[in-house]
Amino acid sequence: MKPLYEDNHIIIVYKESGEIVQGDKTGDRPLSETVKDYIKAKYHKQGNVFLGVAHRLDRPVAGLVVFARTSKALSRLNDMFRKGEVHKTYWAITHDLPPEPESTLTHWLTRNEKQNKSYASDHEVQGSKKAVLHYRVIAHSDNYHLLEIRLMTGRHHQIRCQLAAMGCPIKGDLKYGARRSNADGSISLLSHEMELTHPISKKTIHVVSPLPDDKLWKNLGGG
């Protein structure tokens with residue numbers, strides 16, 4: 001956990017792949033508790049520390065997560081995420097080259113709760129939700145390609161599912177058709193950049209994530 005921006009109302013941190021944002025049935029210690037401990041120690045807080053979870057990243061994904069430090073900020077962040085007012089840019093590494101260097105993908109996603117997986121269709125089906133993203137290829141290595149992705153909607157496993165439907169599963173993402181897993185259990189997807197209007201002060205906040213500590217990420221991402 002690396003804090004990248006903090007004030008009295010919000011804190012934005014870097015999540016390592018493998019960390020869970022909020023407690024789940026695994027019982028593993030979530031990132032939210034680590035952030036609470038950090039705030040408690042840094043600001044010498046007595047008693048319980050308030051920390052609101054406004055959004056999540058999948059466990060194998062690394063990158064930026066914003067938490068609310070006040071209930072007022074949490075309420076406004078929830079509203080901003082619901083309205084699509086928090087602008088996030090993702091980076092993804094794929095083995096296969098997309099058919100176009102830049103394009104907008106539109107699918108209809110159906111979520112299977114039991115499998116914790118989404119399925120893409122090119123037309124609306126019962127229970128599906130429209131999913132739209134824009135991607136562009138920004139770097140290459142001998143065997144891999146780096147894509148920059150902007151989400152127009154926020155659906156379950158949206159980037160993972162839509163890239164796989166295009167024939168370009170994310171490196172390491174066995175669930176969506178990658179050839180092999182990554183050694184550390186991650187998938188090569190990074191929540192790289194976040195821009196939002198501060199929920200209280202209304203100033204513009206812009207944060208860029210560090211790259212995962214990995215040679216391929218450093219090579220492709222220029223880090």
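Biologist: Which element gives the most to the lining of the largest pocket?

Modeller: Helix H2 does, with five residues; helices (H or I, at least four residues) are DSSP runs, numbered from the N terminus. This is a predicted model, in which local features need pLDDT of at least 70, side-chain atom pairs count only at pLDDT 80 or more, and totals for chains, interfaces and linings use all residues. Residues are numbered from 1 along each chain as its sequence is written, and side-chain values use heavy atoms, without hydrogens and water.

Biologist: What makes Ser32 count as buried?

Modeller: Ser32 has 7% relative accessibility. Buried means under 20% relative accessible area, exposed over 50%, and partly exposed in between (1.4 Å probe, protein chains only). Ser32 therefore counts as buried.

Biologist: In which helix does Ser32 lie, and with which residues is Ser32 in contact, leaving aside its neighbours within four places in sequence?

Modeller: Ser32 belongs to helix H1. With those neighbours left aside, its contacts (heavy atoms within 4.5 Å) are Val21, Gln22, Leu51, Val53 and Phe67.

Biologist: What makes a set of residues a nonpolar core?

Modeller: The term denotes buried Ala, Val, Leu, Ile, Met, Phe, Trp, Tyr and Cys residues joined through side-chain atoms within 4.5 Å. The largest such core here has 28 residues, and Val35, Phe67 and Tyr135 are among those with the most contacts inside it. A second, separate core of 16 residues includes Ile10, Leu64, Val66 and Met80.

Notes:
Helix = DSSP H or I, 4+ residues; strand = E, 2+ residues; numbered from the N terminus.
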